[in-house]
Amino acid sequence: MLVAILSRLGRLVFVMFGISVVVFLIFFATPGSDPAARIAGRNASPETLAQVRQSFGLDQPLPVQYAVMMKRLFVTQDLTSFVNRGQKVVPAVIKAIPVTLSLVLGAAVLWVIGGLIVGVAAAATRGGWTDRGLMALSLVGVSMPVFWVGEVMNLLSQSRLHHTFLFSWVPPLGYKPLLTDPAGWFKALVIPWVTLAILYIGLYGRILRADLIETMQEDFVRTARAKGLPESRILLRHGVRSSLIAFVTMFGLDFGALIGGGALLTEVVFGLRGVGKLTYDALQTLDLPVILTTVLYASFFVVAANALVDALYAVIDPRVRRAG
Amino acid sequence: MPAEPLLQIRDLSVAFRTERGLVQAVEGVSLEVEAGRVLGLVGESGSGKTQTLLSILGLILDPNAVLSGSVRLDGEELVGMPNRRLRRIRGAKAAMIFQDPMTALTPVHTVGWQIVEQIRAHSSLSNRAARDKAVALLAECGIPDPARVVERYPHELSGGMRQRVVIAMAVSCEPKLIVADEPTTALDVTVQAQILALLDRLRRDHGTGIVFVTHDLGVVSEIADTVAVMYAGRIVESGPVQALFAAPRHPYTHGLFNSIPPLRGPRPARLTGIPGLPPSRGAPETGCAFAPRCAYAFAPCAARPPLAPEGAQRVACFLPGETKQGFRRAGDLAA
């Protein structure tokens, strides 16, 4: 067990190293993308350029540049933004993490529960009106772009219907820290959670329904029926329990990507200053240190989420355990 | 009033509504099983054996299935019984053993969990007591080290072991009737023999009645007391195993026996088969379903032969008695 965890951690470090090298090379060694020129601004004189190069260590060989960059990123953590001089990158990312985590975790809870309910209810009533209605709704949910849903939500809750009892509790856009203002945190995030979760509820519900219907044709389900078990128990303990692999796989990928900044659109629409928003702003100004940091941060969560999913496989499917 | 047999099937028909109209899978099947006796139900694939079996437990869940006739278990009519009541009979009074032990167990739960689940669905035993019972059952079914096997998952056990687990599960609530759908087909010959011996012992020890579906005549001769041969959804011949094996009277049964290579003497270069294929369902048949393949077919076969008593057997064939007696075979299997 310990060996398995260690080898998993080893792989994690290796993957992240690879990603950091690739990202570094893309930003600092792609022909035509001279970071010094970007920092120095337009029409800078050659002298200024040389000065910038020297002060940012850009005149050194690439491996040294990489090492310096990583040292400033992980050890001294004093890497500064190219655009907003003096803004330290690492603290900025660390400050943005709770916002993204709050948003994505809350939405994940909603979409896992919602996806399970939709999938099971649809599979149980296969071909009936409940099934058809749920599948139509989920298709609508999957098709609506999250920024559009978000803007409509804002329009309703912040302006058109804000004075009615429905949305009078909705605070102005923005994030409230969980520890200092739990109620405010919750109120500020409810609508973003729902907005982000709608797409995934539809997606996960459809996947689960398909898998569940397939599983319910299996021999062991017939055995369960022959045992005289109630239909609900057959569905949940034998059917759903055996159809979770695809559900969990997707969850790992989506969750990792969202934590890593994929919730960008939701963050922008609701004015949440999370990692996605940070990356978005940095991309607009091509702020390389910030982009490098957030991409690395994102890669960590994608890899970590995959490791978590592998561990979950072993929990939900005993056949995987020995292979691990 | 004579005592009613444990299982009495009268005129059971199963049909499926399809785009091409009603397709008869089982037609007018009548069977009886006494407590402690084994009925072997023989026939080739698609002859309606499995559908007959599933309908005993009300396990045909296809919404397009049409069931008629009567299935009485221990004096209780099962056809048309609401699912809620049927559920309490399934697994408790009548249990089922399936063909493929590799897929018959839920892969994500330990075998102990699955046996306990069934015991607790039909009794008020505590989790602990049910678990102890599961261990005892596994031991009774010849599983070495049962206390450890209950913690195992199905994929960790061999096919023979899994079938023992399935059987242990089936007998866990002391059913009066076990219906077994080709329980040995997927297993090695040596394991087959062990499983047959196990079923035979359970039958003797607990007086359980067994309906044993198979296409293997050798297995039937070993375990069954009575045999019913099915062809195209109907019973063509039935009777005590000794009599039927010594002197099959239906040309189809005769053909089945002829398809078995002799144990002694020179082997034929090519095994004798029955020419042709079973009729495809859907086309409504009026005459004897076997007539197109039958070497003895004659004019009366255009009508449907009734299942009539003949000697110790019941046979559905118009051929004169003397011709049928000519089917007698030098019985390796009947010996």
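The model is predicted.

**Contact of chain A with chain B**

- Chain A puts 19 residues into the contact, and chain B puts in 23 residues.
- On the side of chain A that touches chain B, three helices each supply at least two residues: H9 (219-226), H10 (231-242) and H15 (318-321).
- H9(A) gives the largest share of that side, with seven residues.
- By class, the side of chain A that touches chain B has seven nonpolar, four polar and eight charged residues.

**Helix packing in chain A: H8 with H11**

- Two packed helices are described by the angle between their axes and the distance between the axes.
- The crossing of H8(A) and H11(A) is right-handed.
- From H8(A), the contact uses Tyr200(A), Tyr204(A), Ile207(A), Leu208(A) and Asp211(A).
- From H11(A), the contact uses Ala246(A), Phe247(A), Met250(A) and Asp254(A).
- The contact of H8(A) with H11(A) holds seven nonpolar residues, no polar residues and two charged residues.

**Helix packing in chain A: H11 with H14**

- H11(A) also packs with H14(A), which covers residues 288-316.
- The axes of H11(A) and H14(A) come within 8 Å and cross at roughly 160°.
- That angle makes H11(A) roughly antiparallel to H14(A).
- The crossing of H11(A) and H14(A) is right-handed.
- In the contact of H11(A) with H14(A), 16 residues are nonpolar, seven are polar and no residues are charged.

**Helix packing in chain A: H13 with H14**

- H14(A) packs with H13(A) (residues 275-284) at an angle of about 145°.
- The axes of H13(A) and H14(A) are 9 Å apart.
- The crossing of H13(A) and H14(A) is left-handed.
- On the H13(A) side, the contact is made by Val275(A), Leu278(A), Thr279(A), Ala282(A) and Leu283(A).
- On the H14(A) side, Val290(A), Ile291(A), Thr294(A) and Tyr297(A) take part.
- The contact of H13(A) with H14(A) divides into seven nonpolar, two polar and no charged residues.

**Build of chain B**

- Chain B has eleven helices and twelve strands.
- The radius of gyration of chain B is 21 Å, close to the 20 Å that the globule rule gives for 335 residues.
- Chain B is therefore as compact as a globular protein of that length.
- Along the principal axes, the C-alpha atoms of chain B fill a box of roughly 65 × 50 × 45 Å.

**Domains of chain B**

- Domain 1 of chain B runs over 7-224, and domain 2 of chain B is made of 231-264 + 271-325.
- The centres of the two domains, taken over C-alpha atoms, are separated by 28 Å.
- In the contact between them, 19 residues of domain 1 of chain B meet 13 residues of domain 2 of chain B.
- Strand E2 (21-33) and helix H8 (217-223) of chain B each supply at least two residues of the domain 1 side.
- E2(B) provides the largest share of the domain 1 side, eight residues.
- The domain 1 side divides into seven nonpolar, nine polar and three charged residues.

Note on methods. Residues are numbered from 1 along each chain as its sequence is written. Chains are lettered from A and ligands numbered from 1 in the order in which they are written. This is a predicted model: local features need pLDDT of at least 70, side-chain atom pairs count only at pLDDT 80 or more; totals for chains, interfaces and linings use all residues. Two residues are in contact if their C-beta atoms, placed from the backbone, lie within 7 Å. Helices (H or I, at least four residues) and strands (E, at least two) are DSSP runs, numbered from the N terminus. Ala, Val, Leu, Ile, Met, Phe, Trp, Tyr, Cys and Pro count as nonpolar, Asp, Glu, Lys and Arg as charged, and the others, Gly among them, as polar. Domain bounds come from an automatic or database domain assignment. A crossing is left-handed if the near helix is turned anticlockwise from the far one by less than a right angle, and right-handed if clockwise. The radius of gyration is taken over C-alpha atoms; the globule rule is 2.2 Å times the number of residues to the power 0.38. Axes are lines fitted to C-alpha atoms, for helices over the stretch in contact, and angles run from 0 to 180 degrees between N-to-C directions. Angles under 35 degrees count as roughly parallel, over 145 as roughly antiparallel, 65 to 115 as roughly perpendicular and the rest as oblique.
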